[in-house]
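This report describes one protein chain, part by part. Look at the sequence and the model first, then read on.

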Amino acid sequence: GLSLWGGEEDAGGMLTPDVGGMQNMIDAFLDFAKGEGEGQPGAVDPIVLARTLVEDAQRVGQPGRLARTKGEGEVMLRPVGMRRALSNLISNGIRYGSNAEVSVTLTDKSLRFRVEDDGPGIPKDRRADAQRPFTRLDEARNQDKGGGVGLGLAIATDIARGHGGVLRLGQSERLGGLRADIVIAR
């Protein structure tokens, strides 16, 4: 039978844990734990950052695109952390939908990165849960699209907070799926 760890019982009834699965979860947790301190803050052009991430996704055959940008200039960000947060949101969009669109809005007062997808979205009453570590909503999302240990949105939430900002989840009016906004005051 199956053990608590997802492993199989051998002939003697001993439990053999699924070491690969456990290692993935441990690695993901360690990445999560160190996530907020990633990189020193520096002046970053958020539009260039978003464009680079979309091009990275396209290079590996993922259907992401930079939809709209507004404003221009540089913002003090931790580039390693923010890249990680945005690439998590883009990967989520592609995993649960057929494509992800990224837009950037920069004003005198704030920076907003928006990632939208055309997947099933997350019901309003589950959005707070979705931002907690190790929470997977696969019954609400799309189980056959593969793994993850439920850290993508938690990491993005943490990195947004580390920048004095927030991650807000909603429904995409444009695409019908999830809308994830990282909003940071300038």
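## A turn after a helix

Just after helix 5, Gly-164 takes a positive phi of about 75°. Helices (H or I, at least four residues) and strands (E, at least two) are DSSP runs, numbered from the N terminus. This is a predicted model, in which local features need pLDDT of at least 70 and side-chain atom pairs count only at pLDDT 80 or more, while totals for chains, interfaces and linings use all residues. Residues are numbered from 1 along each chain as its sequence is written, and side-chain values use heavy atoms, with hydrogens and water left out.

Helix 5 also has a set of buried residues: Leu-153, Ala-154, Ile-155, Ala-156, Thr-157, Ile-159 and Ala-160. Buried means under 20% relative accessible area, exposed means over 50%, and partly exposed lies in between (1.4 Å probe, protein chains only).

## The chain as a whole

The chain holds five helices and nine strands. Along the sequence they follow the pattern β-β-α-β-α-β-β-α-β-β-α-α-β-β. The chain has 186 residues, and 40% of them count as buried.

Contact means heavy atoms within 4.5 Å. Taking the contacts in the chain with a separation of 6 or more, 65% are between residues 24 or more positions apart.

Five strands make an open sheet in the order 4-6-7-9-8, with mixed pairing. Two strands pair if DSSP finds at least two bridges between them. Strand 4 (64-70) and strand 8 are at the edges and have a single partner strand each, so one side of each lacks a neighbour in the sheet. From one strand to the next, the twist averages 20°. Helix 2 packs on the sheet and touches strand 4, strand 6 and strand 7; its direction makes about 165° with that of strand 4. Axes are lines fitted to C-alpha atoms, for helices over the stretch in contact, and angles run from 0 to 180 degrees between N-to-C directions.

Strand 7 runs antiparallel to strand 6, with seven bridges joining the two, and a hairpin of three residues links them. In this pair, Ser-103 stands opposite Arg-114 of strand 7. Strand 7 also runs antiparallel to strand 9, again through seven bridges, and here Val-115 faces Ala-180 in strand 9. Six of the eight residues of strand 7 are buried. Strand 8 and strand 9 are antiparallel too, joined by six bridges; Leu-169 has Ala-180 of strand 9 as its bridge partner. Six residues lie between strand 8 and strand 9 in their hairpin, and Gly-176 in the turn has a positive phi of about 90°.

## Helix 3 and its partners

Helix 3 lies across strand 4, strand 6, strand 7, strand 8 and strand 9, and runs at about 165° to strand 9. Helix 3 also packs against helix 5, at an angle of about 145° and with the axes 9 Å apart. Helix 3 gives Gly-81, Met-82, Arg-84, Ala-85, Asn-88, Leu-89 and Asn-92 to this contact, and helix 5 gives Gly-152, Leu-153, Ile-155, Ala-156 and Ile-159. By type, the residues of this contact are seven nonpolar, four polar and one charged. Ala, Val, Leu, Ile, Met, Phe, Trp, Tyr, Cys and Pro count as nonpolar, Asp, Glu, Lys and Arg as charged, and the others, Gly among them, as polar.

Arg-95 is in helix 3 as well. Is Arg-95 buried or partly exposed? Arg-95 counts as partly exposed because its relative accessibility is 27%. The C-alpha atoms of Arg-95 and Asp-117 are 9.4 Å apart, although 22 residues separate the two along the chain.

## The nonpolar core

A nonpolar core is a set of buried Ala, Val, Leu, Ile, Met, Phe, Trp, Tyr and Cys residues joined through side-chain atoms within 4.5 Å. The largest one here has 37 residues, of which Leu-77, Met-82, Leu-89, Phe-113 and Ile-182 touch the most other members. Among the elements that give two or more residues to this core are helix 2 (46-59), helix 3 (79-96), helix 5 (152-162) and strand 7 (110-117).

Which residues does Leu-89 contact, leaving aside neighbours within four places in sequence? Leu-89 is in contact with Val-115, Leu-153, Ala-156, Leu-167, Ala-180 and Ile-182.
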